[in-house]
Amino acid sequence: MKNILTIFGGSGNLAYLKLYPALFNLDQLNQLPDNFRIIATARSKRSTEEFRSEVEKRLKLIESDPIVLERFLDRISYISLSFSDLDDYSELKKKIETLDEEYSIENNRIFYLATSPDFFSVITKNLSDQNMINQAKGNQKIVIEKPFGTDYESAKNLNDHLLEYIHEDDIYRIDHYLGKDMIANILYLRFSNPIFSGVWNKDYIDNVQIVASEDIGIENRGRYYDDSGALRDMVQNHLLQILGTVAMEMPNDFDTHCVQKEKIEIFKCLRTYNCEEVSKHIALGQYKENTDENLKGYHDEKGIKEGSLTETFAALEIFIDHPTWQGVPFYLKTGKRLDKKAVYVTIEFKKDKKAEHMINKTFQSNILQIKIQPEEGINVKFNLKKPRVEDEISSVEMDFCKSCLIDYLAPDAYEKILSGLFKNEKLLFTTWEELKHTWHFTDPIAKPCHNRKKDLLSFYPAGTKGPKSSDELLEKSGRHWWPY
Ligand code: BG6
């Protein structure tokens, strides 16, 4: 755990909003040893003292123990660095060496690239040129934030570039959804409960719905988002990672290698669509102004190109060409400026036609809902006979709200990711093999169909449920989105 964590992009949004609060919480839980130091680097000139008070202002917003706060701030040093200036890296190197000696850190180094992806290559090259990282496996780590590429080709170039300078085992590729407790729990729910594992296949499951709905807009990330859109920003990574976890076969072991291997098998079987097929299986949307709610439209956000057709909403019907899942649609939905913030997985089971026939009544489907955020828990809907009347069946539910339990303190995803990083828990990170296949799936949808986007894109008022075309995607087969 003793380490020097250097954060590139140390004064960026991600660092302020996620990394320092997560590190601070770990410190409050006494999970950071004394010889854990942080070096924040960014372009602007400021002293360590000035930088610490910036971080302090933000951390004061969370409930904190003043003694731990002081201890935490004392861990931080600030270095002004231009990503492309090799001389600045030699200053960084000197600083690392001084801290290393002072705190007996024994060369344990982590370089966290929380910058725009444009800088990933130059930073790793300069780190290597200054001998701060090398090919030999060791106590050095590079952490790469999302997005890992903008398509398969750029992702492969980035990956090849990284491998020139550092060993695969020392690369940590972030998908923070893997740090969400209920996503990790899907494996335990599935494989430690025969009531679920026995029916987890095409014979019993009618369809699966994976939804990540956001009420926020694109905030101040217009420049990045306009080139990305919902397919690259959320589907290629977070939503497909959830799909992989829901659909994978039982691994031989719960270790990183076995779990990732099974997930990759699923990614390999994702059916891809050509441009003709896309409109049948995909609905895209973009939010427009909602004057009643006083919410601006996508085009009025900062950094958006005139006439931009970037999708802020995507709904997909996906098939997995794997014997376990033949014919079972997986529906994915995500969007900005929807009516609420919620991440859910819904499993709709097939109805027992024979029983319906015998009782001569139509039943509701059994539903299993895995609530990932903001509430965390499980909800199961099943059928029972009404009291005092024969043959009257109604749907009842059992709800387990994990996040409602007294004293339940959900660890933030970044807290879990960082703590996993310090302990080399690679299951919390994605591999190149996974990314390769998820890009192979996403590319044909996001790319050549660009010139058709106009036809695919519907507009929805900000703050609502998204475009109607997303409902129609399910209605054509008599299905609907389950409420969340
Ligand atoms: C990020 C996306 O990866 O995930 C953002 O770039 C999105 O656009 C965010 O808002 C959602 O994360 P969470 O944890 O708030 O669901």
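Predicted model: local features only at pLDDT ≥ 70, side-chain atom pairs only at ≥ 80, totals over all residues.
A residue is called buried when its relative accessible area is under 20%.

In total, 22 aromatic pairs are found in the structure. One of them joins F8 and Y89, whose rings are stacked, with 6.2 Å from centre to centre and 25° between the planes. F8 belongs to strand β1 (residues 3–8) and Y89 to helix α4 (residues 86–103), so this contact ties together parts that lie 81 residues apart in sequence. By the criterion given at the outset, F8 and Y89 are both buried.

A further pair is made by Y344 and Y484. Here the ring centres are 6.2 Å apart and the planes meet at 45°, so the arrangement counts as tilted. Distant parts of the chain are again linked: Y344 sits in strand β11 (residues 342–349), while Y484 is found in the segment after α16 (468–475), 140 residues away. Y344 and Y484 are each buried as well.

Aromatic residues also gather in a group.

R58 places its charged end over the ring of Y16, at 3.8 Å from the ring centre. For Y177, the residue over the ring face is K180, at 4.6 Å from the centre of the ring.

Methods: Residues numbered from 1 in each chain as written. Heavy atoms only, no water. Phe/Tyr/Trp six-rings, centres within 6.5 Å; stacked < 30°, edge-to-face > 60°. Helix = DSSP H or I, 4+ residues; strand = E, 2+ residues; numbered from the N terminus. Buried < 20%, exposed > 50% of the residue type's maximum accessible area, 1.4 Å probe, protein only. Lys NZ or Arg CZ within 6 Å of the ring centre and 35° of its normal.
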